[in-house]
Amino acid sequence: MSGNFASLAKKRRTVYTLGKTLPVSDDAVVETIEEAIRQAPSAFNSQTSRALILLGKEHEKFWELTREQLRKLVPADKFQPTSDKIDGFAAAAGSVLFFEDQDVVKGLQEQFPLYADNFPIWSEHSTGIAQYAVWVALAEIGIGANLQHYNPLVDEDVKATWNVPASWKLRAQLNFGAIPVAHQAPEKGFIEDDARFIVAK
Ligand SMILES: Cc1cc2nc3c(=O)[nH]c(=O)nc-3n(C[C@H](O)[C@H](O)[C@H](O)COP(=O)(O)O)c2cc1C
């Protein structure tokens, strides 16, 4: 693979140490995220993916409410490392919360009973594709990210805080921000191609 996609696919990596000063404006980041999700494919073009895009103080609010939910679960004497991890996420510039609209999924199941069992599965595929699309699109404009899953722990708080429709099911959180100048992504290991691919021709 060579060309734009190959280099972008390599450029997208998990980055945990992220800063607040983005290389582009907030509006440009929002537009990049929205366009990546708009253009992502979905079963029957059902467009089930939804996103809550949080920047600045709203992003920090998300990580604070996550911290408080975790505090209820993690024993007090073991909480410091958890809290430190949350500090790291809050130090980033923003987060994209990915949802799938269950009303749309149910509507499809009613409309196409033959595929009823498949629509929830395809909805999960769609969110994964949307997440990857956003992650790569952010990498393209020099923004780093890491993917988190604090759902369902934070679902109720998120719905109440940002007035998210009841039918939106939270699937993942992509935390994003500035990549430190000295950042070096760790070498990535790959399984043997023989174990992964079968090519017949
Ligand atoms: C479906 C999925 C779930 C993941 N969940 C988490 C997660 O909860 N927390 C986390 O830090 N990284 C998570 N990751 C990131 C992976 O650990 C990471 O993508 C992998 O180690 C490869 O590294 P790379 O992103 O630098 O290529 C997830 C990635 C995928 C695709």
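The model is predicted.

**Stop 1: the whole chain**

Show the protein chain as a cartoon. Eight helices and four strands make it up. Follow them from the N terminus, and the order reads α-α-β-α-α-β-α-α-β-α-β-α.

Now switch to the C-alpha trace. Along its principal axes, the trace spans about 50 × 45 × 35 Å. How does the radius of gyration sit with a compact globule? The chain has 201 residues, for which a compact globule would have a radius near 17 Å; the protein chain has 18 Å, which agrees.

Colour by burial next. Of the 201 residues, 29% are buried. Then look at contacts between residues at least 6 apart in sequence: 83% of them join residues at least 24 apart.

**Stop 2: the sheet**

Select the four strands and hide the rest. They form an open sheet, ordered β1-β2-β4-β3, with antiparallel pairing. The edges are β1, residues 49-55, and β3, residues 143-148; each of these pairs on one side only. As background, strands of a sheet pair through backbone hydrogen bonds, either parallel or antiparallel.

**Stop 3: β1 against β2**

Select β1 and β2. Seven bridges join them in the antiparallel sense. A51 stands opposite F98 of β2, and L54 stands opposite S95 of β2.

Is β1 enclosed or open? Five of its seven residues are buried, so β1 is largely enclosed by the rest of the structure. Strand β2 covers residues 94-101. This strand is mostly covered too, with seven of its eight residues buried.

**Stop 4: β2 against β4**

β2 and β4 pair in the antiparallel sense, over eight bridges.

**Stop 5: β4 against β3**

Strand β4 takes in residues 168-178. Six bridges connect β4 to β3, again in the antiparallel sense. Click I143 to find one of the pairs; its bridge partner in β4 is A178.

**Stop 6: G177**

Stay in β4 and select G177, which belongs to this strand. Why does G177 count as buried? There are 24 other C-beta atoms within 10 Å of this residue, and the cut-off for buried is 20 or more.

Now display its contacts. Neighbours within four places in sequence are left aside here. What remains is L18, G19, K20, A92, A93, G94, I143 and G144. Then draw a distance from G177 to G142. The two glycines are 35 residues apart in sequence, and their C-alpha atoms are 9.1 Å apart in space.

**Stop 7: the ligand**

Which residues are around it? Select R13, T14, N146, L147, Q148, H149 and K188. Colour this shell by residue class. One residue is nonpolar, four are polar and two are charged. Bring β3 back into view as well: this edge strand runs over residues 143-148, and the shell includes N146, L147 and Q148.

Key:
Residues numbered from 1 in each chain as written. Predicted model: local features only at pLDDT ≥ 70, side-chain atom pairs only at ≥ 80, totals over all residues. Near = placed C-beta within 6 Å. Nonpolar A, V, L, I, M, F, W, Y, C, P; charged D, E, K, R; others polar. Pairing = 2+ DSSP bridges. Helix = DSSP H or I, 4+ residues; strand = E, 2+ residues; numbered from the N terminus. Buried ≥ 20, exposed ≤ 12 C-beta atoms within 10 Å, placed from the backbone. Rg over C-alpha atoms; globule rule 2.2 N^0.38 Å. Contact = placed C-beta atoms within 7 Å.
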